[in-house]
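Q: I would like a close look at a single part of this model, followed by a short account of some other parts. Please keep the answer connected.

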Amino acid sequence: MPAETIKQEILAQGPISVVRFMELALYAPGAGYYLTRDPFGAGGDFTTAPEISQLFGEMLGVWVAEYWQRNGCPPLTLIECGPGRGTLMADLLRATRHVPQLHGSLQVVMVEISPALNQRQRATLKDYPFIRWVGALQEIPARQHCLILGNEFLDALPVAQHIGSQERLVGLNAEGALCFLPQEGAVREHCPALPGLFAEIARLMQPFGGACLFIDYGYGEAETPPASGSLQALKAHRHHDVFEAVGEADLTTLVDFAAVRRAAQEAGLHALPLLQQRQFLLQLGIKTRLENLLTRAEPPQKAALLSGMERLLDPTQMGSLFRVFCATHSASNVPYGY
Ligand code: SAH
């Protein structure tokens, strides 16, 4: 139980940072939330764009194929960070299987920290011999063009919280339950893993060229994050107190895309303007793709395709809260959709 591990650590060493709390709750070996379960779908805790509609992974397939063709059909490493059930990659590969030579030029690498989800992805993708799995980007050599994808990956990275100049700490109350130590004021968050992540991405992209694409819920440059911080717990599709079901609930934050942009630029990458998911998918041609699928679909499938696309695009659902961040190795390499 991560809650017990966390309490033991606090009893032994005193209050811990929010980063450490998130690390233990999500990733404690053998006990953390992501390491022990499949959290997705109707029976799980949350659902994601690839689980909502096949169109999502298919459109990213169009994006990948376009990059590859525009760059002269080179050998290409395609990396997915945090692939969940493997659905996005399955849809991407199915949608691109008729692009001549593409699959023969691909090495796909899945970066997954969770043994449970790694198993799940292997089952989903068993028909593709050119996929391998690693636990971190550090394990991947930079040998050729490289594209890196991540849907709802950044929001799972632990954040630190500060109030004024003080770091916010997690301790124990009089009853021995986990709590924030009392501090007054607005909460600011930052993700300490971002510089290291983008240094790795730059290492992979810069020698031969490449692009990365991260899609997540969050806020951009001119938007203000919640004054109470954005850290929240999600269990069975409902918000929970972050200390209520530690290790049994997902912990997630809104992604600070201004910080993501700075980390990419500091790593020497060229950052493109932040787009809303709606804009991006429309610019990739999601409506044309839908029409093609509809001509071949049976009525129940038609209804599912239409409602799935609506959820991805509707501004009151995922269309505008979800953002797309792209960075390339150089300003001359403008990817499809921009
Ligand atoms: N992309 C999927 C899953 C999103 S959930 C989808 O859209 O459905 C976050 C995913 O990232 C999970 O697969 C989780 O196990 C993985 N993950 C979280 N932190 C990670 C890390 N530091 N390294 C690798 N994978 C990580």
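Is histidine 270 buried, partly exposed or exposed, and what is its relative accessibility?

A: The model is predicted. Histidine 270 has a relative accessibility of 29%, and because buried means under 20% and exposed over 50%, histidine 270 counts as partly exposed. This residue belongs to strand β16, which covers residues 270-271. Leaving aside residues up to four places away in sequence, histidine 270 is in contact with Cys326, Ala327, Thr328, Ser330 and Ala331. For one of these, serine 330, the C-alpha atom is 5.5 Å from that of histidine 270, although 60 residues separate the two along the chain.

Next, a pair of helices. Helix α12 spans residues 286-296 and helix α13 spans residues 299-313. Their axes are 10 Å apart and form an angle of about 170°. Because an angle over 145 degrees counts as roughly antiparallel, α12 is roughly antiparallel to α13. On the α12 side, the contact involves Ile286, Lys287, Leu290, Leu293 and Leu294; on the α13 side, Lys302, Leu305, Leu306, Met309, Leu312 and Leu313 take part. By class, this contact has 9 nonpolar and 2 charged residues, and no polar ones.

Last, the ligand. There are 16 residues around the ligand, and the nearest are Tyr27, Thr48, Gly82, Glu112 and Asn151. A backbone N or O atom of asparagine 151 is 2.8 Å from a ligand nitrogen atom. A polar backbone atom of isoleucine 113 also lies 3.3 Å from a nitrogen atom of the ligand. For glycine 84, a polar backbone atom is 3.1 Å from an oxygen atom of the ligand.

Conventions:
Residues numbered from 1 in each chain as written. Predicted model: local features only at pLDDT ≥ 70, side-chain atom pairs only at ≥ 80, totals over all residues. Heavy atoms only, no water. Axes fitted to C-alpha atoms, helices over the stretch in contact; angles between N-to-C directions. Helix = DSSP H or I, 4+ residues; strand = E, 2+ residues; numbered from the N terminus. Parallel < 35°, antiparallel > 145°, perpendicular 65-115°, else oblique. Contact = heavy atoms within 4.5 Å. Nonpolar A, V, L, I, M, F, W, Y, C, P; charged D, E, K, R; others polar. Buried < 20%, exposed > 50% of the residue type's maximum accessible area, 1.4 Å probe, protein only. Near = heavy atom within 4 Å. Polar contact = N/O pair within 3.5 Å; in protein donor to acceptor, adjacent residues only side chain to side chain.
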